Amino acid sequence: KGYEEVFVRILVPASSREIRAAQEAAEKVVEVIDKAAKDTKKTLGEGFDKAAETVGGPGGNLLAHDDNSTMPTKMTTVNAMSGRTASTRSGMQHGAVIDTIPENGQGTMHVAPPPAANAHWLEKYRFPLRDVHVKKRVSNSVVLHTKLGELEQTREIIFETAREAIDFCNEMEKHHRIEEIRSKKRLKAALGGIKLKEKGGKEKIKFLIEVVSGTELPAADLTTSDPMVKIMFDGKEVHKTKFISSTLEPVWTIKHDSLCLFTVTVQDLFDSHDGLTFLVQDFDKFGGNETLGAVVVPPREVFLAKGERVEYPLKALFGHKDFCTGKLSLRIRRATEYDI
């Protein structure tokens, strides 16, 4: 079953040039939609109108597929918290918007409005709902605690009226309640019948993670690399090994910081979506480390790991070069009293 993920977006007023650009983009979108509709109608002939009435209902919207079939769609607009603007202490005007995005394409298809629908506003920040919390409200002022990767900040948003500030806080509270229910359902589905010691996923688990070795790693420095491994969880670094000089077949040991303890609640583990990410990088003393590839171990696999040595192929991260080679061997298990 698919679940929606909720985001909170901070919008800033657009400049005249940006507004014109958005309107031009909207016009192009309309042109593409009109052309697609004409081409589809031409292909299907008179049966098109009949299909529209049968499938989408009178006046139903239809979306053309690559195979020239059609399906009903539901047009939705972004729900702004207020039609008025909100400003920060610095005088920069902001508007806060709550938006929901389906995790998969099942169910009703939601089509975003043309860019011109929000042409006077530009998205400056986007935060998952779980990373935005209302700290306090004083009259028409709302103080938010936000997290973006490893960066945590406190932001104050000033609404024009206290009523608008109250409405925003109520909307945030409502979506946090819904997200909590959703999160529990995701956890139950992910566990697949596994029984936990504590209800609600609050049980804390300590894992012992070992970075064992690399095989046929990419050569970042002509014929060799200086590989190291960085372990990430939910966008944050939890551990990194030392690098091993001039090898494509590294074996990390205790002296290379190959072991680490990692503590997490069951709920946080399964809410992370990606689980644990292992970045294999080429160490560079004078520049940025180059990423050679990555291994992602899903939450369920981490949860069930028994300490077996598992070899994973390296995959390219989005936006990084794909070297099409390399493997990383890992061991993950529950830590015991002798490991701590």
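**The loops around E13**

Mentor: Asp234 is found in the loop between E13 and strand E14 (236-240); strands (E, at least two residues) and helices (H or I, at least four) are DSSP runs, numbered from the N terminus. This is a predicted model, in which local features need pLDDT of at least 70, side-chain atom pairs count only at pLDDT 80 or more, and totals for chains, interfaces and linings use all residues. Residues are numbered from 1 along each chain as its sequence is written, and side-chain values use heavy atoms, with hydrogens and water left out.

Asp234 has a positive phi, near 55 degrees, although Asp234 is not a glycine. Its relative accessible area is 37%, so Asp234 counts as partly exposed (buried is under 20%, exposed over 50%, partly exposed in between, with a 1.4 Å probe and protein chains only).

Leu222 is exposed because its relative accessible area is 82%.

Helix H3 itself (residues 162-191) has 30 residues and reaches 43 Å from its first C-alpha to its last. That is close to the 44 Å expected at 1.5 Å a residue, the expected span being 1.5 Å times one less than the number of residues.
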